[in-house]
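Visitor: I would like to learn how to read this structure. Please take me through a few features, one at a time.

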Amino acid sequence: MLETVAHVFTDYTLRNVALGSALLGVVGGVLGAFAVLRRQSLLGDVLAHAALPGICLAFLLTGSKVPLLLLLGGGLAGWLASLGVLAVLRHTRLPEDSALGVMLSSFFGFGVALLTFIQHSNNARQAGLDQFIFGQAATIVASDVLNFMVLGGLALFIVGLFYKEFKLLSFDPAYAHSLGLPVRGLGTLLTSLTVLAVMVGLQTVGVVLMAALLIAPAAAARQWTDRLSTLIGLAALFGALAGVSGALLSASRENLPTGPLVVITMSAILLVSLFFAPLRGLVWDWARARQHRRRVYLERLLLDAHVLYNHEQLSPQTLALRRRESAAVARRHLEVLRALGWVEPNQNGYALTPTGHQKAHELEQAMRVLPKTVEGK
Amino acid sequence: MNADLVITLTAILVSVASALLGTFLVLRRMALMSDAISHAALPGIVLAYWLSGGERATPVALAGAAAAGLVTVTLVEWLTRSGKVKNDAAIGIVFPALFSLGVLAVSLYFRQVHLDLDAVLYGEIAYAPFNTLTLGGREIPESWLIMGSLALLNLLFVLLFYKELKLATFDAGLAAALGFAPGVLHYALMTLVSFTAVGAFQSVGAILIVAFLIIPPATAYLLTERLPVMIGLAVGVGVVSSLAGYALAIWLDASIAGMMATVAGICFALAFFFSPLEGLLTTRIRRERDRLLVAARLLVAHLAHHDRPVSEQEVIEEFAWNPRFLKRVRHKALQMGWLEVTQGGLRPRHPPQ
């Protein structure tokens with residue numbers, strides 16, 4: 001592994017691949033943060049698929065495989081598809097996911113048809129066109145990295161320029177509108193930037209996996225913070241991390257494609273975030289829920305003991321009868337209460353300690369409020 | 001057997017099987033789950049392939065893909081319920097991860113085997129005539145058997161559980177309260193979607209199956225508000241796309257499934273613009289007609305206040321209409337029989353009583 005890391009600085013190909021993937025992770029993470037917040041997570045998926053006919057048409061019209069030209073074609077097609085989604089949503093009752101699905105699959109179907117049309121036309125220059133579309137990170141060269149830098153840098157620069165506006169747009173579009181901001185224009189700008197990010201990513205991870213690189217970094221970052229600026233920073237960091245480690249992993253053995261590895265690394269980061277992020281992590285949720293359940297359980301146990309002590313006698317037998325459990329379990333329960341210092345053994349069985357009384361009293365006071373609020377409703 | 005016949009009938013069976021389920025996916029706002037399932041089926045197929053020791057038997061692949069489909073659905077549900085991510089993000093997280101695992105497994109272990117990624121992603125329906133098996137002494141295409149059974153299975157499912165599906169789709173709360181177990185229905189539907197996706201893999205491919213599941217039902221959705229009609233229309237659009245797509249693909253020498261999806265997309269665009277229900281142009285034309293009708297009524301009411309014919313110039317000044325609009329309003333009013341054009345100008349026409 002260390003050897004692989006060392007390779008990044010010496011190996012020309014690996015350096016380009018790692019750098020390209022990292023750049024993609026950063027740009028995807030930042031723009032994905034906004035997409036996820038605006039509940040447009042799957043737009044990236046749609047755009048990535050919809051780019052296909054654009055790329056093919058660009059090739060058919062110009063006959064060249066210059067990446068920038070193909071990206072331009074793909075971008076235009078993706079942009080058209082997103083306009084299509086908006087138009088369908090504005091003018092029909094069709095739900096959002098169906099609108100996205102229709103545009104995704106019809107554009108992609110058309111793209112597949114065009115691609116095969118090109119392949120069957122025996123155009124010698126078409127070779128490698130499908131690699132471009134389905135991602136071949138291993139073929140990233142220095143000029144590609146330069147393209148990524150320029151395009152990604154442009155996207156990030158614009159995000160920085162309109163940061164305040166985009167923030168407002170993502171959290172409270174109605175308020176943004178009332179402030180007189182051009183909400184629709186800003187939304188289109190943000191979507192267009194996402195198109196740009198997707199186009200940059202196409203070449204590296206391919207059509208299908210691009211969606212993950214927009215969504216997962218933002219979703220992971222969301223678990224760690226409530227602040228947008230931190231979220232964006234973390235998303236960029238996670239994206240870059242996944243990009244670099246995916247590239248390194250794929251270089252460590254043969255036959256390991258980079259794109260899927262980047263996505264899998266990203267999914268691992270996401271899983272860790274989901275489970276272990278402080279405050280929001282699932283593990284802490286479970287711990288809290290468990291603690292809560294245990295408290296409620298002990299309180300009910302004490303109340304039962306309290307009732308028994310006041311009215312008859314508190315012993316494993318009576319407790320077992322009241323709680324419909326076996327005497328052995330009841331005996332264990334009494335031991336638990338005793339360990340808490342709430343009951344102590346006496347000649348009849350058990351008695352509540354002063355602390356136990358105090359606690360039971362408090363609980364009863366608290367519970368007395370309950371019926372009233374329920375009735376008052 | 002005639003290759004055209006094999007291919008078109010396979011495509012029709014795929015589109016029928018898909019339209020039946022897709023209708024409910026679209027109505028239940030789960031259209032993109034089909035995208036997720038069709039991608040996530042890949043690791044399931046690879047796993048089944050590996051477990052069965054390199055057999056490429058369809059039943060095993062179906063089982064593997066169905067398992068993968070259920071894993072996808074469960075994971076998405078779990079992620080959504082945990083409240084950590086929204087539903088759309090959950091879909092977008094789960095399927096690329098599973099798909100990546102599948103791609104990785106293929107490139108690591110099955111590189112040399114005929115589990116061609118391109119074939120899985122695109123599918124190639126043109127090969128359908130070559131895969132045949134003998135059944136009762138007659139040779140029939142494998143794809144007919146697979147897709148035919150799936151279409152039949154889906155049809156049975158929809159027929160048997162029509163009432164439950166309808167209720168769970170339009171009022172999940174009531175369905176649950178009546179004890180219809182919408183959860184079970186949900187998973188049953190998703191299992192069938194996984195089956196259908198895998199069954200159609202060889203013919204239309206992982207990604208294009210989404211087109212067959214979503215576009216025809218979405219098109220039908222724009223054309224009707226009645227569920228049985230929607231199912232029928234969805235099947236119809238699917239069949240038309242299959243036939244026309246095939247013809248176009250042959251003509252242009254392009255991917256058959258891709259062309260079918262393209263035609264389905266065109267059907268959707270036509271419905272979007274021209275649906276009598278809420279088509280963009282239809283609505284516009286209707287709105288324009290209503291506007292003219294209102295204006296014509298206004299004009300006639302205005303004319304009725306005068307004892308004399310009113311010149312068009314006066315009307316234009318009165319209502320601040322431009323002359324071209326007046327001409328159209330006049331035409332409409334004449335058409336409706338509300339107006340007379342006399343020497344001195346316009347005048348309301350009294351009904352001949």
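Visitor: In which helix of chain A is Leu60(A) found?

Guide: This is a predicted model. Leu60(A) belongs to helix H3 of chain A.

Visitor: Is Leu60(A) buried, partly exposed or exposed?

Guide: The class follows from the relative accessible area: under 20% is buried, over 50% is exposed, and partly exposed lies in between. Leu60(A) has 37% relative accessibility, so this residue counts as partly exposed.

Visitor: Which residues form a nonpolar patch on the surface with Leu60(A)?

Guide: The patch consists of Leu57(A), Leu60(A), Phe110(A), Phe117(A), Trp251(B) and Leu252(B). Together they have about 560 Å² of accessible area. Two or more residues of the patch come from each of these elements: helix H3 (43–62) and helix H5 (96–120) of chain A, and helix H11 (227–252) of chain B.

Visitor: Now the strands. How many bridges join strand S1 of chain B to strand S2 of chain B?

Guide: In a regular strand the side chains alternate between the two faces of the sheet. Here, S1 (residues 132–135) and S2 (residues 138–141) of chain B run antiparallel and are joined by 4 bridges. Opposite Thr132(B) stands Pro141(B), in S2(B).

Visitor: Which residue takes a positive phi in the hairpin of S1(B) and S2(B)?

Guide: That residue is Gly136(B), with a phi near 60°. The hairpin has 2 residues between its strands.

Visitor: Let us turn to charges. How many salt bridges are there over all chains?

Guide: Side chains of opposite charge can pair when their charged atoms come close. The count over all chains is 17 salt bridges.

Visitor: Which side chain meets Arg330(B) in a salt bridge?

Guide: The partner is Glu312(B), at 2.4 Å from N to O. This pair links distant parts of the chain, with Arg330(B) in helix H15 (residues 323–336) of chain B and Glu312(B) in helix H14 (residues 312–319) of chain B, 18 residues apart. Arg330(B) is partly exposed at 22% relative accessibility, and Glu312(B) is partly exposed at 27%.

Visitor: With which residue does Glu340(B) form a salt bridge?

Guide: Glu340(B) pairs with Arg347(B), and their closest N and O atoms are 3.6 Å apart. Glu340(B) is partly exposed at 27% relative accessibility; Arg347(B) is partly exposed at 35%.

Visitor: Which residues of chain A are linked in a network of salt bridges?

Guide: The network links Asp304(A), Arg322(A), Arg323(A) and Glu325(A).

Terms used:
Residues are numbered from 1 along each chain as its sequence is written. Chains are lettered from A and ligands numbered from 1 in the order in which they are written. This is a predicted model: local features need pLDDT of at least 70, side-chain atom pairs count only at pLDDT 80 or more; totals for chains, interfaces and linings use all residues. Side-chain values use heavy atoms; hydrogens and water are left out. Two strands pair if DSSP finds at least two bridges between them. Patches are made of residues with over 30% relative accessible area and no salt bridge: like charges are joined within 9 Å, nonpolar side chains (Val, Leu, Ile, Met, Phe, Trp, Tyr) within 5 Å. Accessible areas come from the Shrake-Rupley method with a 1.4 Å probe; for residues, only the protein chains shown count as cover. A salt bridge is a side-chain nitrogen of Lys or Arg within 4 Å of a carboxyl oxygen of Asp or Glu. Buried means under 20% relative accessible area, exposed over 50%, partly exposed in between (1.4 Å probe, protein chains only).
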